Amino acid sequence: MSDLAIHTAGLGKTYGGRRPVEALKPLDLEIAPGETFGLLGPNGAGKTTLVKLLLGLARPSMGEASLFGRPVSDPDARRVAGYLPEGHRFPPFLSARDTLDLFARMSGVDAADRATRSADLLDRVRLGGAEDRPVGTFSKGMLQRLGLAQALMNRPRIVFLDEPTDGVDPVGRREIRTLIEGLRADGVTVFLNSHLLSEVELVCTRVAILKDGERIRMGTVDELTRRDRAWRLVTSPLPSATRDALDGVLAVEGATHPDGLVRSTATLPDRTALNAALDRLRADGVEVEAVEPARQSLEDLFVEAVSDTPPLGAEADRPADA
């Protein structure tokens, strides 16, 4: 267990009251050092509750959790963690430089390291020319980038990012994505909670989907989005006889593409059947431009996984941050 960045065993949380709400059902989770792990789920799925439990900000109702082998209830476990919460706020009268210095002090960063560390991070998040401006004059995107910098001030071994690209323009999103990839290259574990599924798809090594406090999917993006027994084909136009022969095997897109090539999806039981279909195409004079496993987007998978509509008013019983 000690070699895992995150380990949970039966971790769960129920909020009490007149009508108790099981915000997180018992969860077993193992995340290795250096992983970039994406957490997805609709509002009220339990994502924020899980992050709070992992950071010791909420007490579990059952089970246990550890960071690098230390129980999350141990303050030393949290010293190796950085955290960017959603909707964070900074004192508006502080400059960006002073804001990072404040958080560095609270994180126990050595005085000799604070100035150089803050200058480096402000440059990395494109705030190098605004270090002495009051935070109250910052745009939402600038505040988000400053929040990311503060999460990294203590050189964390693991960083929790809750909607890190919220309010950031496309250029800024790409830069944050590059920064996350750099963290992974440095061996830092990243726990990413985001509604921008396209970003998650690009940077995460594994993904879990929560719904109603329960994990309903988990795996690599490739594992989750691959469609079994289906391949995408790009070919030259198909003769009518070929279409008739492969009817029920090839589903040809109706759209006309400028390159004149045809896109289709082949549904076949195995690779041998795929090669037989390709042989038929070539025998009929069809040129094959590309063949690749068919995939659905992570967004399509997510919508499919959480598509059940909850009863009207069900969300009203769940705490807003659950």
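A: Let's start with the charged pair: in this predicted model, Asp222 forms a salt bridge with Arg295, and their closest N and O atoms lie 2.4 Å apart. Between domain 1 and domain 2 the count is one salt bridge. On the side of domain 1 that touches domain 2, the elements giving two or more residues are helix H7 (197–203), strand S9 (206–211) and strand S10 (214–219). Sorted by class, that side of domain 1 holds seven nonpolar residues, four charged ones and one polar one.

Now for the two partners themselves. The domain assignment places domain 1 at residues 6–223 and domain 2 at 227–306. Taken over C-alpha atoms, their centres are separated by 41 Å. In terms of contacts, 12 residues of domain 1 meet nine residues of domain 2. Together the two domains bury about 920 Å² between them, and 71% of that area is on carbon and sulfur atoms. Within domain 1, the residues that lose the most area to domain 2 are Leu197, Ile209 and Arg217, which together make up 44% of what that side buries.

The side chains of Glu35 and Arg206 meet in a salt bridge, at 2.9 Å from N to O. This pair joins distant parts of the chain, 171 residues apart: Glu35 sits in the loop between strand S2 (21–31) and strand S3 (36–40), while Arg206 belongs to strand S9.

An unreviewed UniProt entry lists residues 6–237 as "domain: ABC transporter". Over residues 6–237 the chain is 33% helix and 30% strand, with 51 Å between the end C-alpha atoms.

Terms used: Residues are numbered from 1 along each chain as its sequence is written. This is a predicted model: local features need pLDDT of at least 70, side-chain atom pairs count only at pLDDT 80 or more; totals for chains, interfaces and linings use all residues. Side-chain values use heavy atoms; hydrogens and water are left out. Domain bounds come from an automatic or database domain assignment. Contact means heavy atoms within 4.5 Å. Buried area is the accessible area (1.4 Å probe) that two parts lose on being put together, summed over both. A salt bridge is a side-chain nitrogen of Lys or Arg within 4 Å of a carboxyl oxygen of Asp or Glu. Helices (H or I, at least four residues) and strands (E, at least two) are DSSP runs, numbered from the N terminus. Ala, Val, Leu, Ile, Met, Phe, Trp, Tyr, Cys and Pro count as nonpolar, Asp, Glu, Lys and Arg as charged, and the others, Gly among them, as polar. UniProt positions are given in the numbering used here, feature names are shortened, and annotations may be inferred rather than shown by experiment.
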